[in-house]
Amino acid sequence: MKRNSQWTLLLATSMVSFMSTIDASIVNIAVPQLSRDLHAPMNEAEWVVSVYLVLICVLLIFFGKLSDQIGRIKIFQTGTLIFVAGSLGCGLSVNLPMMLVMRIVQAIGASMTMATNFGIITQIFPSNRHGVALGVNSSFVQVGNIMGPGLGGLILATLSWHFIFFINVPIGLIAFFFGHKIFPKEARTTQKISMDYPGYLAYVFAIISFFVAIYWGQAVGFMKPEIIILFLLAAACTAAFILRENHTEKPLLDLHIFKNAGFSIGVITAMLVFAVSYFNNMIMPYYLQETLKYSSAIAGVILMAIPLLNIFSAPIGGMIGDHIGAEKVSLIALVIFLIPETIFMLIQPSWGIVWLVLGLMLYGLANGTFQNNPMIMGNAGKQYQGIAGSIAALARNLGMSIGLSLSTSLLYFGISQKAGRRVTTYPAQHPDWFIYGMHFSYGFAFALIVSALILLIALVWQKNRKKTLPL
């Protein structure tokens with residue numbers, strides 16, 4: 001494929017990646033308006049966020065396996081149209097049931113594109129340019145993940161929540177027609193589709209019971225017997241899934257892929273980094289609007305410091321990664337991450353906005369430099385590219401979902417500790433309680449980054465040791 005066509009296709013796939021990722025976080029800031037306009041209680045309106053994330057996690061592995069058999073481009077293009085249709089339906093929704101059905105449609109389309117975009121990129125680009133190409137795609141994905149609250153705030157300051165969804169329609173259609181014109185034609189396959197349905201069923205029950213336990217546990221407490229039973233069910237289903245995949249002839253997920261330490265550590269560290277990103281998505285809007293008393297528009301502009309730096313640092317990190325390796329670049333990124341996390345862990349309103357903006361900019365720099373996609377895809381063999389892309393997207397969405405739960409649970413736990421009683425809302429009369437809870441929450445985020453750093457140090461050390469050992 002000609003080089004200019006490669007970059008056009010990269011832009012088309014990356015735009016769809018951006019839209020499907022940003023829709024996981026941009027809706028958070030619109031939940032109060034959705035609740036009012038759709039005449040639904042706030043806790044029910046929040047299902048609009050959670051149903052999207054959970055369904056994507058459920059479907060990613062399925063579409064990754066399917067794409068390896070019938071073609072990644074077919075799945076990606078079909079998913080783009082389904083996502084566009086779901087976005088249009090969400091924007092036109094007049095009640096909560098209609099909105100939830102349309103979010104399900106959106107999630108089906110998003111999971112189809114997320115499961116295939118990395119595999120398409122590694123298929124189109126030569127191996128010596130995988131780092132740059134995946135780095136560009138990473139910038140779109142990461143910016144989509146962290147830009148949601150900022151962009152949502154700006155849209156809501158001037159337009160209604162409907163435009164959060166409508167904006168996807170023209171962009172998605174343009175991306176589809178670009179792809180239709182330029183994507184290489186895949187050979188038609190007549191092979192019978194092979195899918196390990198018992199294994200997939202165990203996987204689905206594991207994911208659903210895990211997230212129901214998380215979201216329900218936030219409301220009633222994690223030590224309730226019913227929540228513990230759900231976590232045990234999730235663990236049992238996970239064990240059944242692993243047992244099934246290890247003993248079936250045609251597994252849904254070939255677990256041999258995890259024997260590669262680089263791949264496994266890439267997946268784990270990606271999940272940890274995306275979990276940490278949700279601490280900013282959930283906590284910073286409260287800090288800016290409730291504690292510092294900025295408007296949603298100004299808060300949105302301040303939060304744009306992260307994606308602004310991310311846009312530039314991701315492709316540069318990819319280029320450097322092509323020369324020194326994605327693991328070493330990511331190691332540097334994790335060290336940089338420690339600086340903004342320290343700032344967020346210690347900041348006080350009296351410090352002034354400059355410190356906060358500096359922390360957000362450094363976070364954007366580190367987030368873009370972290371090369372999770374090249375790490376994961378580069379350590380997966382050619383035969384695993386489709387399913388590896390699905391696992392990479394699953395790690396990202398699991399990280400986001402876990403980060404969503406962790407950040408709010410830790411925040412309110414810290415506030416409750418300071419207050420001496422259970423608190424589950426912003427303590428308007430005691431902003432110092434919120435600051436304490438925020439610091440407590442970011443202390444945990446700091447620990448997650450340290451965990452990822454230790455894993456990568458061990459991986460880089462192991463790879464360097466292998467190079468120095470005599471043959």
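**Aromatic pairs in a helical fold**

Author: Happy to! The secondary structure of this protein amounts to 20 helices and zero strands. Please keep in mind that the model is predicted.

The C-alpha trace spans about 65 × 60 × 50 Å along its principal axes. For 471 residues, a compact globule would have a radius of gyration near 23 Å, and the 21 Å found for the protein agrees with that. Of those 471 residues, 58% count as buried. Contacts also reach across the sequence: among those between residues at least 6 apart, 83% join residues at least 24 apart. The accessible surface comes to about 19700 Å², and carbon and sulfur atoms account for 69% of that area.

Now to the rings you asked about. Counting rings whose centres lie within 6.5 Å, there are 18 aromatic pairs. One of them joins Phe-62 and Phe-63, with 5.3 Å from centre to centre and 75° between the planes, an edge-to-face arrangement. Both Phe-62 and Phe-63 are buried. Another of the pairs is Phe-279 with Tyr-442, which is tilted, at 6.4 Å centre to centre and 45° between the planes. Here Phe-279 belongs to helix α13 (residues 261-291) and Tyr-442 to helix α20 (residues 431-468), so the pair ties together parts that are 163 residues apart in sequence. Like the two phenylalanines above, which are buried, Phe-279 and Tyr-442 are both buried.

Together with Tyr-200, Tyr-203 and Phe-241, Phe-62 and Phe-63 form one aromatic cluster.

Tyr-294 is found in the loop between α13 and α14 (296-303). Setting aside neighbours within four places in sequence, Tyr-294 is in contact with Leu-288, Gln-289, Ala-299, Ile-302 and Ile-353. As a sense of scale, Tyr-294 and Leu-55 are 34 Å apart in space, C-alpha to C-alpha, and 239 residues apart in sequence.

Methods
Residues are numbered from 1 along each chain as its sequence is written. This is a predicted model: local features need pLDDT of at least 70, side-chain atom pairs count only at pLDDT 80 or more; totals for chains, interfaces and linings use all residues. Side-chain values use heavy atoms; hydrogens and water are left out. Helices (H or I, at least four residues) and strands (E, at least two) are DSSP runs, numbered from the N terminus. The radius of gyration is taken over C-alpha atoms; the globule rule is 2.2 Å times the number of residues to the power 0.38. Buried means under 20% relative accessible area, exposed over 50%, partly exposed in between (1.4 Å probe, protein chains only). Contact means heavy atoms within 4.5 Å. Accessible areas come from the Shrake-Rupley method with a 1.4 Å probe; for residues, only the protein chains shown count as cover. Rings of Phe, Tyr and Trp (its six-membered ring) pair if their centres lie within 6.5 Å; planes under 30 degrees apart count as stacked, over 60 as edge-to-face and the rest as tilted.
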